[in-house]
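Please look over the sequence and the model shown here. A short report on selected local features follows.

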Amino acid sequence: MAKISVVNTEGKEVEKIDLSDKIFGVEINEAIVHKAVVATLANRRQGTQSALTRSEVRGGGRKPWRQKGTGHARQGSIRAPQWTGGGVVFAPKPRDYSKKINKKESRLALFSALTSKVNDKKLIVVDELALDAPKTKEFAKILDNIKANKALVITEGESANVVLSARNIPDVKTEAREAINVYDILKYDSLVMTKDAVKALEEVYA
């Protein structure tokens, strides 16, 4: 069972806690992680793109000129794909891009991503993130104190002030513990979690 330091908002170590090997010490499965990332990105696609085919474009019912004798190439409609304003070949239509990944695979992918952050020493555990009011400058100073650059901040419970304080800081994202996902863990360089979020995560997957 790995140990990790818990720091305060000034970046000073206040204690050490044990991390569950079941969550933060698994054998990393890159194939499952890749599958989870692909599914996450696919599920975020709206799939609402649409263009008109030649059968759907208005006009072009009449043959523009006779078949032979004009010196032009033969044409059947001014709404064929090669014409300006014509239909689109293999036009995109609304579709569902969503992909399914089963619960065991999703869980293993999450554990693999968390383990990779521990192995790379990119997991930072903070005793608490409590702000009296939304203060971007104050929150940026906290991130600087704990040496968290391009950070994903995971909190437990209500944290409106943290969310409001972080939303104008470039390359920083906040999420509730329930919304943690593989893609965001890998996208951001540092993973900042409150002590309560770590404990809650371990209880959920105990």
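Where does Asn8 lie? Asn8 sits in the loop that runs between β1 (2-7) and β2 (13-19). This is a predicted model.

Is Asn8 buried or exposed? Its relative accessibility is 17%, so Asn8 counts as buried. The cut-off for buried is under 20% relative accessible area. A polar atom of the Asn8 side chain lies 3.0 Å from the backbone nitrogen of Glu10. Asn8 also has contacts beyond its neighbours within four places in sequence. These partners are Val14, Val126, Asp127 and Ile146.

**Aromatic pairs**

How many aromatic pairs does a search of the whole structure find? The search finds two. The table gives their geometry.

| Pair | Type | Centre to centre | Angle between planes |
|---|---|---|---|
| Trp65 and Trp83 | tilted | 6.0 Å | 45 degrees |
| Phe111 and Tyr205 | edge-to-face | 5.1 Å | 85 degrees |

Take Trp65 and Trp83, the tilted pair. Trp65 lies in the loop between α2 (30-43) and α3 (103-119), and Trp83 also lies in the loop between α2 and α3. The two are 18 residues apart in sequence, so their pairing ties those parts together. Trp65 has 26% relative accessibility and therefore counts as partly exposed. Trp83 is partly exposed as well, with a relative accessible area of 26%.

Now turn to Phe111 and Tyr205, the edge-to-face pair. Phe111 belongs to helix α3, while Tyr205 is in the segment after α7 (195-204). Here the pair ties together parts that are 94 residues apart in sequence. Phe111 counts as buried because its relative accessibility is 6%. Tyr205 is buried too, at 18% relative accessibility.

**A charge over a ring**

Which residue lies over the face of Tyr97? Arg45 does, at 3.6 Å from the ring centre.

**Strands β4 and β5**

In which sense do strand β4 and strand β5 pair? Strand β4 (residues 151-155) and strand β5 (residues 172-176) run parallel, and five bridges join them. Val153 stands opposite Thr174, a residue of β5.

Methods
Residues numbered from 1 in each chain as written. Predicted model: local features only at pLDDT ≥ 70, side-chain atom pairs only at ≥ 80, totals over all residues. Heavy atoms only, no water. Helix = DSSP H or I, 4+ residues; strand = E, 2+ residues; numbered from the N terminus. Buried < 20%, exposed > 50% of the residue type's maximum accessible area, 1.4 Å probe, protein only. Polar contact = N/O pair within 3.5 Å; in protein donor to acceptor, adjacent residues only side chain to side chain. Contact = heavy atoms within 4.5 Å. Phe/Tyr/Trp six-rings, centres within 6.5 Å; stacked < 30°, edge-to-face > 60°. Lys NZ or Arg CZ within 6 Å of the ring centre and 35° of its normal. Pairing = 2+ DSSP bridges.
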